[in-house]
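Please look at the sequence and the 3D structure below. This briefing covers the overall build of the chain and its aromatic pairs.

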Amino acid sequence: MTDSILNQLVKRFCDNRDQEYLNYSSALREKECLGWEAKIKAGIFGGMELNAHCKANEHLGRHLAWNMALEELLKSKRE
């Protein structure tokens, strides 16, 4: 694989990783994710809140996966 192709992949992986983190951060600012501690204490944490948190965590998982893939790609680039 040429350096040019590797550099393009590194950029794409970085962009995807960063976008998933932004998606995660944005999802956590949704109304359903805000004040979860108080909602649990008041007994009003329901399905909408749980789904919103699951959606946010999916983005975090994708962010971490892209980051792990990026680390492996950078490792192979150094070799």
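The model is predicted. Its chain has three helices and zero strands, and the elements run α-α-α from the N terminus on.

**Overall shape**
- The chain has a radius of gyration of 17 Å, whereas the globule rule gives 12 Å for 79 residues, so the chain is more spread out than a compact globule.
- Along the principal axes, the C-alpha atoms fill a box of roughly 55 × 15 × 15 Å.
- Of contacts between residues at least 6 apart in sequence, 64% join residues at least 24 apart.

**Surface and charge**
- Buried residues make up 24% of the 79 in the chain.
- The accessible surface is about 5,800 Å², and carbon and sulfur atoms account for 57% of this surface.
- The chain carries 12 positive and 12 negative charges, and their mean positions lie 2 Å apart.

**Aromatic pairs**
- Two aromatic pairs turn up in a search of the whole structure.
- Phe13 and Trp66 form an edge-to-face pair, with 5.0 Å between centres and 70 degrees between planes.
- This pair links distant parts of the chain, with Phe13 in helix 1 (residues 3-28) and Trp66 in helix 3 (residues 47-78), 53 residues apart.
- Phe13 is buried at 17% relative accessible area, while Trp66 is partly exposed at 28%.
- Tyr21 and Tyr24 form a tilted pair, because their planes are at 55 degrees, and their ring centres are 5.8 Å apart.
- Tyr21 and Tyr24 are about one helical turn apart because three residues separate them in helix 1.
- Tyr21 is partly exposed, with a relative accessible area of 42%, whereas Tyr24 is buried at 16%.

Technical notes
Residues are numbered from 1 along each chain as its sequence is written. This is a predicted model: local features need pLDDT of at least 70, side-chain atom pairs count only at pLDDT 80 or more; totals for chains, interfaces and linings use all residues. Side-chain values use heavy atoms; hydrogens and water are left out. Rings of Phe, Tyr and Trp (its six-membered ring) pair if their centres lie within 6.5 Å; planes under 30 degrees apart count as stacked, over 60 as edge-to-face and the rest as tilted. Helices (H or I, at least four residues) and strands (E, at least two) are DSSP runs, numbered from the N terminus. Buried means under 20% relative accessible area, exposed over 50%, partly exposed in between (1.4 Å probe, protein chains only). The radius of gyration is taken over C-alpha atoms; the globule rule is 2.2 Å times the number of residues to the power 0.38. Contact means heavy atoms within 4.5 Å. Accessible areas come from the Shrake-Rupley method with a 1.4 Å probe; for residues, only the protein chains shown count as cover. Lys and Arg count as positive and Asp and Glu as negative; His and the chain ends are not counted. The place of a charge is taken as NZ of Lys, CZ of Arg, CG of Asp or CD of Glu.
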